[in-house]
Amino acid sequence: MGKTLTEIAQELKNSEKKVQLIYAFNGAGKTRLSRAFKELVSPKHEEEEAQDGDTDIKVLYYNAFTEDLFYWDNDLEKDTDRKLLIRPNAFTDWVLQDEGQESNIITGFQHYTNDKLTPRFNEDYNEVSFSIEGGNEERIDNIKISRGEESCFIWCVFYSLLKEVVEVLNVLEPEDRPTSKFDDLECFFIDDPVSSLDDNHLIELAVDVAELIKSSQSNLKFIITTHNPLFYNVLFNAFNTADSRYSYKPRHSVKKHLEKLDDGTFLLTDAKDSPFSYHLALLTELNNAIISDDIQKYHYNFLRNILEKTATFLGYGNWGELLPAESREAYCRRINLYSHSRHSGEESSIVKEEDKRVLTYLVKEVLIPQYHFHSIVDHK
């Protein structure tokens, strides 16, 4: 029986666990869940009062809306003075101006991207430009960084806030803390901070986040949602490992999966006692879509992803070699057509009946039986 996102948010709010780690595919409603949770814990009118200093904040969150606080001035007229602007926000002001986290943000950003790429804040901390060191000690100023680098920079600002809050609330007596701003804070909600990182830095980030959360000695709770299987699995293992330094035990955390049902409701279920393999989760999704006759264009993306991973594991030079030889070229064209972003995201998701039959055949008659996937799915 499915639930609304508000009902699931209430379930998360009522949990006594310090950490709730949730995996969900893209489009399953993670960002909307973070908004529903914030509105439940700290309605908009309370947030506005908190910004005015009348009430302390109850929830801080990182999601797609957080990135909207940062936007580019590309200097379209002269094309020379490009900078990233920061919308006025009490908490970025606190991190940058009051707590002076500029150097920590720069260090973290360079660690996850490029040590020659340097953010440069202005005096008011409401804009930042970027420079990069070239050859022969030449420096190129006011460059436009990539979308991935921008996302990483914004995460580093948020992470500095996260780290500061944990350290502040770890001070046992409220009167001994450097600020009372976060005395009423109940939860951090972190939604997918890893979209731009390579695997090595992604693992480092996951380990850093887990270490920081384990070090939290206050009643602060953490909800982390992600669609990235590697990030999820690293956190899964980290939160399943006791840490005597911080009196942390695996029972302090819970791992769950979020699924959007056909009727528009959602299901939040407990995860198994071990991490999962992404390609097996995709295969299960494909099988469910076939059984329910709800095949969408993005399911061809899933199929290609599984074929690529299987081909790599088995040592094939190309994923197309896994397909039946007699119609291989036609199958590859069809998979490529549907898995290109122009067709999978920007147009109607309706799939022709013939293409549904092809996907069903490739999954049920080729992929599962010929490459001996275990019975994690219904083979009927």
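## Briefing on a predicted model

Leaving aside neighbours within four places in sequence, Glu211 touches Asp243, Arg245 and Tyr246, where contact means heavy atoms within 4.5 Å. This is a predicted model, in which local features need pLDDT of at least 70 and side-chain atom pairs count only at pLDDT 80 or more, while totals for chains, interfaces and linings use all residues. Residues are numbered from 1 along each chain as its sequence is written, and side-chain values use heavy atoms, with hydrogens and water left out. Here is a friendly tour, starting with confidence.

**Confidence**

- The mean pLDDT of the protein is 86, and 91% of its residues reach 70 or more; pLDDT is the predictor's confidence in each residue, from 0 to 100.
- Over residues 49-54 pLDDT stays under 50, and the model has 7 contacts beyond four places in sequence for this stretch.

**Around Glu211**

- Glu211 sits in helix 8 (residues 199-215); helices (H or I, at least four residues) and strands (E, at least two) are DSSP runs, numbered from the N terminus.
- With a relative accessible area of 30%, Glu211 is partly exposed, a class that lies between buried (under 20% relative accessible area) and exposed (over 50%), using a 1.4 Å probe and protein chains only.
- Glu211 and its contact Asp243 are 32 residues apart in sequence, and their C-alpha atoms are 9.2 Å apart in space.

- An open sheet of 6 strands has the order 2-8-9-1-10-11, with mixed pairing; two strands pair if DSSP finds at least two bridges between them.
- Its edges are strand 2 (59-62) and strand 11 (266-270), each of which pairs on one side only.
- From one strand to the next, the twist averages 20°.
- Strand 8 (residues 187-191) and strand 9 (residues 221-226) run parallel and are joined by 5 bridges, and Cys187 has Lys221 in strand 9 as its bridge partner.

**Helices against the sheet**

- Helix 7 (residues 147-169) lies across strand 2, strand 8 and strand 9, and runs at about 155° to strand 2; axes are lines fitted to C-alpha atoms, for helices over the stretch in contact, and angles run from 0 to 180 degrees between N-to-C directions.
- The 23 residues of helix 7 reach 33 Å from first C-alpha to last, close to the 33 Å expected at 1.5 Å a residue, where the expected span is 1.5 Å times one less than the number of residues.
- Helix 7 is mostly covered, with 18 of its 23 residues buried.
- Helix 9 (residues 229-239) is mostly covered too, with 9 of its 11 residues buried.
- Pro229, Phe231, Tyr232, Asn233, Val234, Leu235, Phe236, Ala238 and Phe239 are the buried residues of helix 9.
- The cover over those buried residues of helix 9 includes strand 1 (19-23), helix 8, strand 9, strand 10 (253-260) and helix 10 (278-291).

**Helix 1 and helix 2**

- Helix 1 (residues 5-14) packs with helix 2 (residues 30-41) at an angle of about 65°, and their axes are 9 Å apart.
- This crossing of helix 1 and helix 2 is right-handed; a crossing is right-handed if the near helix is turned clockwise from the far one by less than a right angle, and left-handed if anticlockwise.
- On the helix 1 side, Leu5, Thr6, Ile8, Ala9, Gln10, Leu12 and Lys13 meet Arg32, Leu33, Ala36, Phe37, Leu40 and Val41 of helix 2.

**Pairings of strand 6**

- Strand 6 (residues 127-133) pairs with strand 4 (residues 83-86) in the antiparallel sense over 2 bridges, and Leu85 stands opposite Glu127 of strand 6.
- Strand 5 (residues 117-121) runs antiparallel to strand 6, with 5 bridges joining them.
- Strand 5 is largely enclosed by the rest of the structure, because 4 of its 5 residues are buried.
- Strand 6 is also joined to strand 7 (residues 139-140) by 2 bridges, running antiparallel, with Glu133 opposite Arg139 of strand 7.
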